Amino acid sequence: MELSPLSIYLLIFGCFAANYALRFVPLAVMSRLNIPRSVMRWLGYMPVAVMGALVTVEVLLPALDAAFFPASLAAGAPAYSIFLNPGIFGAAVSMLLFRYTKSFIGATVAGIAVFALLQYLI
């Protein structure tokens, strides 16, 4: 089934409108409320928690996939070990470097470099 260009544009606009409504309406309503300071402090941790959850899953996914789904190994997928996962070492370098230097860009670049180097070597 091939979509016409008009259908594609309508689909894109519909996705935009739904996304905008789902984000703007709660923001507009919540901006008028007087939220307690403790709740605001708690909400301040949300971006860090969400980012941590996303990164953790992506870093551990290759090792977890091989451990919990051995059928994927039979299908020709590479066998990963948690100690041979370049993502773990890249993440560890990034965390340690950021902890001691407080340089987000430097820690990110170093983590990517370690990941790429280990990906090439393994």
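Buried means under 20% relative accessible area, exposed means over 50%, and partly exposed is in between, with a 1.4 Å probe and protein chains only. On that scale Lys-102 is exposed, because its relative accessible area is 57%.

Now the ground rules. This is a predicted model, so local features need pLDDT of at least 70 and side-chain atom pairs count only at pLDDT 80 or more, while totals for chains, interfaces and linings use all residues. Residues are numbered from 1 along each chain as its sequence is written, and side-chain values use heavy atoms, with hydrogens and water left out.

The fold next. The protein has six helices and zero strands. Helices (H or I, at least four residues) and strands (E, at least two) are DSSP runs, numbered from the N terminus. Of the 122 residues, 9% count as buried. Take contact as heavy atoms within 4.5 Å. Then, among contacts between residues at least 6 apart in sequence, 39% join residues at least 24 apart.

Back to Lys-102. It sits in the loop between H5 and H6. Most residues other than glycine have a negative phi.

On to H6. This helix covers residues 104-121, 18 residues in total. From first C-alpha to last it reaches 26 Å, close to the 26 Å expected at 1.5 Å a residue. That expected span is 1.5 Å times one less than the number of residues. At the start of H6, a side-chain oxygen of Ser-103 comes within 3.1 Å of the backbone nitrogen of Gly-106. Further along H6 is Ile-112. Ile-112 is exposed, because its relative accessible area is 53%. Ile-112 and Pro-86 are 26 residues apart in sequence, and 9.8 Å apart in space, C-alpha to C-alpha.

What does Ser-94 touch, leaving aside its neighbours within four places in sequence? Ala-107, Thr-108 and Gly-111. Ser-94 itself lies in helix H5, residues 86-101. Its side chain reaches the backbone oxygen of Ala-107 at 3.0 Å.

Ser-94 also brings us to the largest pocket. A pocket here is an open set of points on a 1 Å grid over the protein atoms alone, where a 1.4 Å probe fits, with protein on both sides within 12 Å along at least five of seven lines; lining residues have an atom within 4 Å of a point. The volume is about 700 Å³. The lining has 19 residues, and Met-51, Val-55, Ala-91, Ser-94 and Met-95 lie nearest the centre. Which helices supply at least two residues each? H3 (46-68), H5 and H6. H5 gives the most, with seven. By type, the lining divides into 12 nonpolar, seven polar and no charged residues.

Notes: A polar contact is a pair of N or O atoms within 3.5 Å; within protein, one must be able to donate a hydrogen and the other to accept it, and residues adjacent in sequence count only if both atoms are side-chain atoms. Grid points are joined across faces, edges and corners, and a volume is the space filled by probe spheres set on the points. Ala, Val, Leu, Ile, Met, Phe, Trp, Tyr, Cys and Pro count as nonpolar, Asp, Glu, Lys and Arg as charged, and the others, Gly among them, as polar.
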